[in-house]
Amino acid sequence: MKNLKTKSTIALAGIVTLGITQQESLFAEENKKPSRPNFVVIFADDMGYGDMGVNGHPTIHTPNLDEMAHEGQKWTNFYVAAPVCTPSRAGLLTGRLPIRSGMCSDERRVLFPDSEGGLPQSEVTIADALKKNGYRTAAIGKWHLGHKSPYLPTKHGFESYFGIPYSNDMDKVRGTADHFTLAEKEQYQAYNVPLMRDEEIVERPADQRTITKRYTREAVEKIREFKDEPFFVYLAHNLPHIPLFRSEKFKGTSVAGIYGDVIEEIDWSVGRILETLKEEGIAENTLVVFTSDNGPWHIFKTHGGSSGMLRGAKGGTFEGGMREPTIFWWPGTLEEGVVMEMGTTMDLLPTFCELSGTELPDDRIYDGYDISPVLFGEGESPRDVVFYYRGEQVYAVRKGDYKAHFITQLEYGSKTAHFMPEGEFKVKSSPTQHDPPLLFNLSEDPAEKYNVAEEHPEVIAEIRQIMEEHKESIKPVENQLEK
């Protein structure tokens, strides 16, 4: 398969004594696909492309994620639907760009505690689709798709919910220190965020010092409760989004400081979930996906993570804002190795539905693709285009190796960025139009350093046409973030 380097291929190359029948039997066993598999999605918050050991971080220790990648597939060109929380999460769960559901805005880029809107009931989530096909479903952790009753997880296909309904830095108590000072102080009382069980608040303020530990325990309990039936568990951590918190066991354990402690506790959490699947004898029937909602928050310096060699960060449309650390794990089923083809979180919905025999309504446009052929080593990714939205505008488009930036703008990380008293984040910057657009060959130049626009006018013309055709497919809907 193109761009896939596998351990099984290397191993088979050395088996010269096997007969054809034996080899066919071996391949059949390796490619056996369980019917109605379980799905677990682990979604970090603001974790950068370079924050895993397996992606090259020199001081953050992530043995469980590293082993998960070794036993599964590490994707190096995997994207989210947007470079900030709310629209990114909407894209993952619906398989659609957030512009189609009204879940993005040029004015308020995410939902806030005073927001009245949320993910519309008309949208079909992964949980909605799978639940109708007999799946058990549970949402754990950060939701950020509407904290009012009509928009909570329990109204979008999830049987249960346990978590904080928006970002952990919201509901900041007036009179407390600024966000930068509080980033590592672990003063959870400074943020009056609620912890919810289904639709009821059970703790306020949520003690975030133990939040990763409690989310992990909830996920383990749900896996054990659901083990005899097909299930979908969505675990969306509130961290490493600032303010940073870790349980007592992980304090001072990382040489990378408090941020390293937080990532290493998330890594521990991943290990507990994989261990539970193995203990319950259902690992071979469970696809686990680990990724992040957007890039690191560079304004917080060492408390905000790393994009690795990628340019940019959270809030922006350079690669560091939307290309995420991603691992697929499914023992005995996946074609193990490194995948360099393109995928996005929007591809999870159609892929899960294909693997489980679940039908989706055909009355809407989906922006995701079934990427299961890549998972099984049977074909290439059907995705060849990625749209980079900032708010309601397309800022950049990738087609194959090439990415064209039609608009660029300062991301979260500018020296002019600051917090408003109510906790809303503002950046004083204006967009810059580019005509011709900036053009980068991401295979040769993933750091987006060298503009090759003058050398490839034909590529720019093709990408411009793709963008215009895409814009024609967008129909006006009510903006949920500005309600």
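Guide: Welcome! A salt bridge here is a side-chain nitrogen of Lys or Arg within 4 Å of a carboxyl oxygen of Asp or Glu. This is a predicted model, in which local features need pLDDT of at least 70, side-chain atom pairs count only at pLDDT 80 or more, and totals for chains, interfaces and linings use all residues. Residues are numbered from 1 along each chain as its sequence is written, and side-chain values use heavy atoms, with hydrogens and water left out.

Visitor: Why is the pair Glu 229 and Arg 136 called a salt bridge?

Guide: The closest N and O atoms of Glu 229 and Arg 136 are 3.0 Å apart; the cut-off is within 4 Å, so the pair qualifies.

Visitor: What makes this pair tie together separate parts of the sequence?

Guide: Glu 229 lies in the loop between H7 and E8, while Arg 136 belongs to strand E4, so the pair joins parts that are 93 residues apart in sequence. Helices (H or I, at least four residues) and strands (E, at least two) are DSSP runs, numbered from the N terminus.

Visitor: How do you know whether Arg 136 is buried or exposed?

Guide: Buried means under 20% relative accessible area, exposed over 50%, and partly exposed in between, with a 1.4 Å probe and protein chains only. Arg 136 has 18% relative accessibility, so Arg 136 counts as buried. Glu 229, at 35%, is partly exposed. Both residues also belong to a network of salt bridges with Glu 159, Lys 222 and Glu 225.

Visitor: What makes Glu 280 and Lys 227 a salt bridge?

Guide: Their closest N and O atoms are 2.8 Å apart, so they meet the definition too. The pair links distant parts of the chain, 53 residues apart: Glu 280 is in the loop between H8 and E9, and Lys 227 in the loop between H7 and E8. Glu 280 has a relative accessible area of 22%, so it is partly exposed. How many salt bridges does the structure hold? There are 33.

Visitor: Which residues have the most contacts inside the largest nonpolar core?

Guide: Met 68, Leu 277 and Phe 290 do, in a core of 56 residues. Helix H8 (257-279) is one of the elements that supply at least two residues, and H8 gives the most, with nine. A nonpolar core is a set of buried Ala, Val, Leu, Ile, Met, Phe, Trp, Tyr and Cys residues joined through side-chain atoms within 4.5 Å.

Visitor: Which residues is Met 68 in contact with?

Guide: Leaving aside neighbours within four places in sequence, its contacts (heavy atoms within 4.5 Å) include Val 270, Leu 274, Phe 290 and Trp 329.
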